[in-house]
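Have the viewer open and follow along.

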Amino acid sequence: MLGLNTKDFLLFVIVAILALFAPFILNPFPVDSAMAQFNAGYPDLMQRFLIYGIFAIGFNILFGLTGYLSFGHAAFLGVGSYSAVWMFKLLSMNVLPAIALSVVVAGIFALLIGFISLRRAGIYFAILTLAFAQMSFNLAYSVLTPITNGETGLQLSLNDPRILGVSRTADGSIPVTNLFGIEMRETYEMVMGGWAFQFNNGYYLCAVFMLLSFYLAIRIFRSPFGMMLRAIKSNNTRMTYTGLNARPYALAAFVISGMYAGLAGGLMAAMDPLAGAERMQWTASGEVVLMTILGGAGTLIGPVLGAGFIKYFENIFSKINDNVLHGWFAFLPDGIENLMVTLVHPFVGKGWHLTLGLMFVLVVVFLPGGLVEGGKRIAGLFRRRKARDETDQSKQSNPAE
Amino acid sequence: MDAIILQILNGLDKGSAYALIALGLTLIFGTLGVVNFAHGALFMIGAFCAVTLSRLFNLSFETVDPDRTDFLGNPATVETTYIEHWLGSQMGGAIIDWAVPLSLLIAIPVMIAVGFIMERGIIKHFYSRPHADQILVTFGLAIVLQEVIKYFYGANPIPTPAPDAFRGSLDIGVMLGFDPNAIIYPYWRLVYFAFAAVIIGAVFAFLRFTTFGMVVRAGMADRETVGLLGINIDKRFTIMFGIAAAVAGLAGVMYAPINSPNYHMGMDFLVLSFVVVVVGGMGSLPGAVLAGFLLGILESFASMNEIKSILPGIDQIIIYLIAIIILLTRPRGLMGRKGVMEE
C-alpha cells in the first residue's frame with residue numbers, strides 16, 4: 001500500500017498512530033500525581049520530539065546509508081531557522097512559505113558544502129563538514145550580524161514589513177505564526193478525570209511533516225537510489241570499478257539530508273519564531289549524530305527513537321531538583337534519605353548531561369546497534385525461548401511412537 | 001615589521017597549545033588507531049590540576065589578631081594559610097605563588113593514571129570497532145569528564161594566576177632595535193612557548209633515541225610484524241596513551257594562567273586541535289606540531305585590524321578556511337603519510 005510492502009506499511013501506520021495519539025500516550029500520569037513530572041505530553045516537548053525526529057531521519061539518510069559521518073549538520077538546521085524567520089519578517093506569518101524557503105535555502109547550502117566536502121571521505125569528510133559548520137557559526141556571530149542579529153538572535157519586531165500580512169495586530173502586538181489562520185500556538189486542552197491532554201495545532205503540523213518525511217525516507221531506503229547509497233557504504237572502491245561515479249549519489253543524499261535539516265529548522269522557527277546562532281554550533285551537530293546512533297543508524301525507526309529518547313531525558317532529568325528527590329525518598333529513614341539524595345543529585349537537574357554522557361558510553365559499549373538492536377535482542381530472546389518451547393513440545397510428543 | 005613580529009609572537013602561545021594537544025592526539029591515533037574525542041577533556045583536567053593545587057595551598061584558618069581592629073572596632077580576624085603557618089610566610093608564600101608550576105609535578109602522575117584508566121577501562125575494547133564508534137564513546141567520555149569537573153568546580157572560569165615573577169611583560173621591541181612599547185609580550189607566554197618547545201622536544205627525543213621509542217615507532221609503522229617478533233606492543237601503546245594524556249594535561253596546567261580554566265575549555269580546543277591534526281596530516285607527529293604553530297600564527301595575523309578591515313570576519317574563520325583549502329589541495333595534509341586513514 002502507498003507503494004510500500006506490508007512490513008514497511010505496518011511500521012508507517014504504527015508511527016502515524018503513535019504521532020496522532022502522542023498527546024494521550026505521553027501523558028500517562030494524572031496531573032496531580034507525584035509522577036506528573038514524567039509526563040511528556042505538553043506541546044513544546046512533543047514538537048521537539050518530532051522536529052528532532054525529522055532532523056535525525058534526514059541525518060540517517062546520509063550517515064546510515066552512505067556511511068559519510070557529517071559533523072556539521074546543525075548548520076543546515078540553523079540556516080533553515082534563519083530563512084524561516086526572515087520569511088516571517090518580510091512576507092507573512094503563514095508558515096508554509098517560511099518552511100518552503102527554509103528547505104530550499106538549506107538545500108542550496110547543502111549543495112555547496114556537499115560539493116566540496118564529498119571530495120574526501122572518512123574522518124576528513126567529518127572534519128570538512130565540521131569546519132564549514134563552525135565557519136557558518138562564527139560568521140553568524142560576527143560579520144553576518146545584519147542578517148542573523150548576532151548574539152541576540154533573530155527575532156520578530158513590530159516594524160517588520162510583512163508584505164502579505166500585517167506588521168502588527170489590531171491590539172498592537174506581534175502577530176503569531178499560523179497556517180491560513182490556524183494559529184500554531186493554539187492548544188486545546190481536554191480534561192478527563194485527573195488527566196489533562198493537550199492538543200496543539202503546531203504539534204499536528206509537525207506531525208504531518210514528520211510523517212511525510214518518514215514516508216519519503218522509507219521510499220528512499222527501498223529504492224534503487226537507496227541501494228546505490230548502501231553500495232557506497234559497503235564498498236566504494238568496487239562501485240567505482242564497476243564504472244559508476246559514486247559522488248553524484250552521495251551528493252544527492254547529502255542535499256536531501258540537508259533539506260531535512262532545513263525543514264526541521266523551519267518548523268522550529270514556525271513553532272517559536274526566533275533563530276539563534278547556537279543552533280549551528282558543533283555540539284548541536286554532535287547531538288544529532290548521537291541521536292541517530294543511539295537509536296540505531298541505518299534503520300528506519302532508529303533515529304526517531306533516538307531523538308525522542310534524548311529529548312525526553314533532557315527535559316525530564318533536567319527538571320528533577322532536590323525537592324523532588326526528597327519527595328521520592330521520603331519513605332526512607334532521614335539519614336538514608338539524605339544519602340540517597342546526595343548520591344542521585346549529581347545525575348539530575350543541571351547535571352543531566354552527566355547521565356547523558358554515561359548513557360552514551362554504555363550504549364556504544366554494549367549496544368553498538370543502538371536501541372533498535374536492543375529491541376531486536378529482547379525480541380530474539382523471546383523468540384528463542386518460544387522456539388525452544390516448541391522443540392521441547394515436539395520432543396515430548398515424539399516418544400509416544 | 002614590528003607589527004608582524006608581534007603577531008608571530010602572539011600566535012606562538014596559542015599555537016603551542018594547539019601543537020601540544022595535536023601532538024597527543026596524533027600519538028594516540030598513530031599508535032592505537034583511535035580517534036580520541038576526549039583529548040580536549042584531558043587538557044581541561046590538566047588545567048584543573050593547577051586549580052586544585054592552588055586551592056589546596058590556599059586552604060586557611062582564621063585567627064583573631066588582637067592588635068588590629070576592623071571598622072566596627074572589634075578585633076579583626078586574619079586568615080592564615082596552613083602552608084604559611086607551617087613553613088613560615090616567606091617559604092609558604094613562595095609555594096603558594098608558584099602553585100601553577102608546582103602542579104606540573106602532580107599533574108604528571110594524575111594524567112598518566114587517568115590515561116591508563118581510560119585506555120584499559122574503555123578504549124581498549126574499541127580498537128577493532130569503526131571510527132564512528134570510537135568517536136562516540138570518547139565523545140561520551142568527554143561529556144562525563146566535563147560534567148564531573150563542572151559538578152565539583154562550578155561552571156564559572158576560575159582565575160589561576162601565574163607566579164609573581166612572570167606577571168609582567170617583556171619589551172621585546174627594544175631588544176630588537178624597535179621603539180619601546182612596540183612589541184610587548186607577557187613573560188608567562190614566553191614561558192609557555194619555551195615549555196611547549198621542551199615538551200615537544202622531549203617527546204620526539206623519547207621516540208627517537210630510546211629503545212622503547214624505537215619499538216613504538218616500529219609498532220606505528222607495522223603493528224602486526226612487531227607483534228609477531230614477540231614484543232608486547234599493546235602494553236607499550238597503553239603507556240603511550242598515558243604519555244599522550246600527560247602531554248595534554250601538562251599543556252593544560254601551563255595554560256591555566258593564560259585563560260582562566262572552565263569546564264568546557266577542552267571542547268573549545270578539541271575541535272581546533274582536530275583541524276590541526278588533519279591539516280598536519282593524520283599520523284604525522286612533525287606535521288601536527290608544524291600545523292599547530294602555523295595555524296596559531298595565522299589566526300593571530302587574521303585578527304590584525306588591518307586585515308580585518310579588508311576581509312571582515314576573517315579572524316573567525318581563518319583556521320577552518322585553511323583546513324578546507326589544504327584538505328582539498330593536499331588531501332593527506334601537510335606531512336601525512338600514505339595509507340593512513342584512507343578508505
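Keep in mind as you look that the model is predicted.

Where does A:Ser102 sit? You'll find A:Ser102 in helix α4 of chain A, which covers residues 95-117. Leaving aside residues up to four places away in sequence, A:Ser102 touches A:Gly80, A:Ser83 and A:Ala84, along with A:Gly262 and A:Gly266.

Now zoom out to the chain around that serine. Chain A is built from 16 helices and six strands. Its C-alpha atoms fill a box of roughly 90 × 70 × 45 Å along the principal axes. For 401 residues, a compact globule would have a radius of gyration near 21 Å, and the 24 Å of chain A agrees with that. Of those 401 residues, 50% count as buried. If you take the contacts in chain A with a separation of 6 or more, residues 24 or more positions apart account for 71% of them. As for charge, chain A carries 26 positive and 21 negative side chains, with the centres of the two sets 15 Å apart.

Chain B has 14 helices and four strands, and its C-alpha atoms take up a box of roughly 80 × 50 × 35 Å along the principal axes. With 343 residues, the globule rule gives a radius of gyration near 20 Å; chain B comes in at 23 Å, which agrees. Here 53% of the 343 residues count as buried. Among the contacts in chain B between residues at least 6 apart in sequence, 71% join residues at least 24 apart. Chain B exposes about 15100 Å², with carbon and sulfur atoms supplying 64% of it. There are 19 positive and 24 negative side chains in chain B, and the centres of these two sets lie 15 Å apart.

So how do the two chains meet? The size of an interface is often given as the accessible area lost when the parts come together. Chain A and chain B bury about 3500 Å² between them, with 82% of it on carbon and sulfur atoms. On the chain A side, A:Ile123, A:Tyr124 and A:Trp282 supply 19% of the area that chain A buries against chain B, more than any other three residues. Counted by contacts, 38 residues of chain A meet 39 residues of chain B.

Note on methods: Residues are numbered from 1 along each chain as its sequence is written. Chains are lettered from A and ligands numbered from 1 in the order in which they are written. Side-chain values use heavy atoms; hydrogens and water are left out. Helices (H or I, at least four residues) and strands (E, at least two) are DSSP runs, numbered from the N terminus. The radius of gyration is taken over C-alpha atoms; the globule rule is 2.2 Å times the number of residues to the power 0.38. Buried means under 20% relative accessible area, exposed over 50%, partly exposed in between (1.4 Å probe, protein chains only). Contact means heavy atoms within 4.5 Å. Lys and Arg count as positive and Asp and Glu as negative; His and the chain ends are not counted. The place of a charge is taken as NZ of Lys, CZ of Arg, CG of Asp or CD of Glu. Buried area is the accessible area (1.4 Å probe) that two parts lose on being put together, summed over both. Accessible areas come from the Shrake-Rupley method with a 1.4 Å probe; for residues, only the protein chains shown count as cover.
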